[in-house]
Amino acid sequence: MTERSLTERKKDFDENYKRILDQIGEAALRSGRKPEEITLLAATKTVPVELINHGVAQGLTQIGENRVQELLDKYEALDRSRCGVQFIGQLQTNKVKYLTGRVDCIQSLDSVKLAREISRLAEKAGAVMDVLVEVNVGREENKGGIDPDGLYEFIDEVRRLPGLAVRGLMAIPPICSRREEAKRYFFRMAQYYVDIKGKSMDNVSMECLSMGMSSDFPEAVECGANLVRIGSSLFGPRAYRRPVEQGGNTVWQG
Ligand SMILES: *Cc1c(COP(=O)(O)O)cnc(C)c1O
């Protein structure tokens, strides 16, 4: 793959952005909602800040980063005047300190230990951190997220922490070969979301159902998502750096 220049990538973005907004809008209407009820969050891992800021200038209102170090590297240069920053990757307890005061929401809350640390640091800063509870909707081993069987108990425990506010649910369903398969998981998530909303627990407001990525976001919206997290369809394929052999030497490409 030949590398595309930043100028080309900006042009690609403009086309992709328009197309994706149209697709989100159509899926919203199919599910009986208005297009503006769905938030597009741009998943910006590996995307250079210049390209992200171009996206913000075109209208992006939310971005999500996956890795704490990458977030810190980009943070100062990000145009945050018009765009919210969220954290969407797996988070270790000892890294929470880098996120408080920097991100508007942590979408990947998946343990009581993590919740306690988020609450502790937010409280210390005189703030309250919005969080989404990540659900391991496919009950996959080695995957982040709360097991659906323990979801209510988990929420009932963490909602008592003073420094965080539970705002919704997030899921990354198992990789499905057919789009229709993914819908099973999205429907399940929508059920949890509505059930919890119906319980009206203090300090829990189900406002955000975050699910759907490049490969399946129209299905997610049809099933009730009101925030989709899209990376590669917006910014182009991610070029991860990888070692290659070149004349007996190892060089890093990407
Ligand atoms: C990378 C990422 C996305 C977006 O994935 P694409 O398939 O590139 O759209 C969404 N959510 C999370 C948590 C991610 O890490």
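This is a predicted model: local features need pLDDT of at least 70, side-chain atom pairs count only at pLDDT 80 or more; totals for chains, interfaces and linings use all residues.

Biologist: Which percentage of the residues in the protein chain is buried?

Modeller: Here buried means under 20% relative accessible area. The C-alpha trace spans about 60 × 45 × 40 Å along the principal axes, and the accessible surface is about 13000 Å², with 46% of it belonging to carbon and sulfur atoms. Of the 254 residues, the buried share is 49%.

Biologist: How far apart are the centres of the positive and negative side chains?

Modeller: The protein chain carries 37 positive side chains and 37 negative ones.

Biologist: Now to helix α3: which elements do its buried residues pack against?

Modeller: Helix α3 covers residues 68-75, and its buried residues are V68, E70, L71, K74 and Y75. Down the helix axis these fall within an arc of 165°, so they line one face of the helix. The partners they pack against are α2 (49-58), β2 (62-65) and β3 (84-87).

Biologist: And in α5, which residues are buried?

Modeller: Helix α5 spans residues 151-158. The elements covering its buried residues include β4 (105-109), α4 (112-124), β5, β6 (164-171), α6 (179-199) and β7 (204-210). The buried residues themselves are L151, F154, I155 and V158. Around the axis they take up an arc of only 95°, which puts them on the same side of α5.

Biologist: Let us look at a loop residue, then: is P148 buried or exposed?

Modeller: P148 sits in the loop between β5 (129-135) and α5. Setting aside neighbours within four places in sequence, P148 touches V135, N136, V137, R139 and Y192. With V137, 11 residues away in sequence, the C-alpha to C-alpha distance is 6.3 Å.

Biologist: What is the phi of T46 near?

Modeller: T46 belongs to the loop between β1 (39-43) and α2. With a relative accessibility of 30%, T46 is partly exposed. Its phi is positive, in a residue other than glycine, and lies near 70°.

Biologist: What relative accessible area does S200 have?

Modeller: S200 is found in the loop between α6 and β7. Although S200 is not a glycine, its phi is positive, at about 40°. S200 counts as exposed, with a relative accessible area of 59%.

Biologist: One more from that loop: how far is the C-alpha atom of D202 from that of E15?

Modeller: D202 also lies in the loop between α6 and β7, and at 60% relative accessibility it counts as exposed. D202 and E15 are 187 residues apart along the chain, and their C-alpha atoms are separated by 43 Å.

Terms used
Residues are numbered from 1 along each chain as its sequence is written. Side-chain values use heavy atoms; hydrogens and water are left out. Buried means under 20% relative accessible area, exposed over 50%, partly exposed in between (1.4 Å probe, protein chains only). Accessible areas come from the Shrake-Rupley method with a 1.4 Å probe; for residues, only the protein chains shown count as cover. Lys and Arg count as positive and Asp and Glu as negative; His and the chain ends are not counted. The place of a charge is taken as NZ of Lys, CZ of Arg, CG of Asp or CD of Glu. Helices (H or I, at least four residues) and strands (E, at least two) are DSSP runs, numbered from the N terminus. The arc is that of the directions from the helix axis to the C-beta atoms. Contact means heavy atoms within 4.5 Å.
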